[in-house]
Each structure stands twice: as structure tokens, then as C-alpha cells.
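Please look over the sequence and the model below before reading on.

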Amino acid sequence: MSDEDVLQLVAQTICLEEMFCFPIHYGAIYYATTKRREEIKITAELKQKVKDYFIEMHSYFQNQHIPQVKKSKKCQQCSLKELCIPEDNGKSVLEYIHLAMKEE
């Protein structure tokens, strides 16, 4: 189980709690490859970690900065590979947009 999976579950939990005004204390992640379900306790610490990441991402957006990506083997299997484009890291958002517009 990866931190990314747990934090995504916690982020979705935060959204559900806000939508339904009801606390959620546990969630589960099902891994199809191993056919196993992992139960996750939703703690205040995990929620704070998600909120800290959101604050960090908002800061990147506000400063028009694309953070460096640590490319790994996981990148090849990632569903967001085409959006993330780890080969193009280090460019500003403005540079990225101008380059994308030129390609179209």
C-alpha cells in the first residue's frame, strides 16, 4: 500500500464528510491485482497531511510553478502520465501553456 493511495482515500473522505455532514472514521482500498482489501483508519493526522498538500499545491499554482517530478517506474503505469508529463518538469506554468499552444 502506498502513501499516495491512502492520501487519495483520505481526500475523498474529506469531500464526503463535507457533502454529507457526517464523520467517516474508516475507509478501504481494494487492490484488484492481489484481490485484497486494506482497511484504513481515517485519522486527524492523515487529514492534516492532505490539507498540507493542498496548501502546497495552491502555492505552486499561485506562484505559477510546476514542481520537480521524481520520475520512477511507477510513472509508466500511472493513469495521469499524459497530464503529468514528468519529462517536462521544471518549466513554469506559463512556459508549459505557451509550449502546449504552439504544438496545437
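The paragraphs that follow go from the overall layout to the helices, the strand contacts, the salt bridges and the surface.

The structure shown is a predicted model. The protein contains five helices and two strands. Read from the N terminus, the order of its elements is α-β-β-α-α-α-α. The protein has 104 residues, of which 17% count as buried. Its accessible surface amounts to about 8800 Å², and carbon and sulfur atoms account for 57% of this area. Contacts across the sequence can also be described: among those between residues at least 6 apart, 45% join residues at least 24 apart.

H1 is made of 18 residues, and the distance from its first C-alpha to its last is 26 Å, close to the 26 Å expected at 1.5 Å a residue. Several residues of H1 are buried, namely Val6, Leu7, Leu9, Val10, Ala11, Thr13, Ile14 and Glu17. What covers these buried residues? The cover includes strand S1 (26-31), strand S2 (36-41) and helix H2 (44-62).

Leu9 is among the buried residues of H1, while Ile29 is located in strand S1. Ile29 is itself buried, at 10% relative accessibility; it falls in this class because the value is under 20%. Leu9 and Ile29 are 20 residues apart in sequence, and their C-alpha atoms are 7.5 Å apart in space.

H2 has 19 residues, and from its first C-alpha to its last it reaches 27 Å, close to the 27 Å expected at 1.5 Å a residue. H2 is one of the elements that cover the buried residues of H1.

H1 and H2 are also joined through their side chains. A search of the whole structure finds two salt bridges. In one of them, the side chains of Glu17 and Lys47 meet, with a distance of 2.8 Å from N to O. Glu17 lies in helix H1 and Lys47 in helix H2, so this pair ties together parts that are 30 residues apart in sequence. Glu17 is buried, having a relative accessible area of 14%. A salt bridge also links Arg36 with Glu38, where the closest N and O atoms are 3.8 Å apart. Glu38 is partly exposed, with a relative accessible area of 24%.

Just after H1, Cys21 adopts a positive phi of about 50°, although Cys21 is a residue other than glycine. Cys21 is placed in the loop between H1 and S1. Is Cys21 buried or exposed? At 70% relative accessibility, Cys21 counts as exposed, because this value is over 50%. H2, for its part, is followed by Gln64, whose phi is positive and near 50°. Gln64 is likewise not a glycine, and its place is in the loop between H2 and helix H3 (74-77). With 43% relative accessibility, Gln64 counts as partly exposed.

How many disulfides does the structure hold? There are zero disulfides in the structure. Among its cysteines, Cys15 is partly exposed, with a relative accessible area of 45%, whereas Cys21 is exposed, as noted above.

The last stop is the surface. Which residues form a nonpolar patch there? The patch consists of Leu16, Met19, Phe20 and Phe22, which together have about 470 Å² of accessible area.

Terms used: Residues are numbered from 1 along each chain as its sequence is written. This is a predicted model: local features need pLDDT of at least 70, side-chain atom pairs count only at pLDDT 80 or more; totals for chains, interfaces and linings use all residues. Side-chain values use heavy atoms; hydrogens and water are left out. Helices (H or I, at least four residues) and strands (E, at least two) are DSSP runs, numbered from the N terminus. Buried means under 20% relative accessible area, exposed over 50%, partly exposed in between (1.4 Å probe, protein chains only). Contact means heavy atoms within 4.5 Å. Accessible areas come from the Shrake-Rupley method with a 1.4 Å probe; for residues, only the protein chains shown count as cover. Patches are made of residues with over 30% relative accessible area and no salt bridge: like charges are joined within 9 Å, nonpolar side chains (Val, Leu, Ile, Met, Phe, Trp, Tyr) within 5 Å. A salt bridge is a side-chain nitrogen of Lys or Arg within 4 Å of a carboxyl oxygen of Asp or Glu. A disulfide is a pair of cysteine sulfur atoms within 2.5 Å. The expected span of a helix is 1.5 Å times one less than its number of residues.
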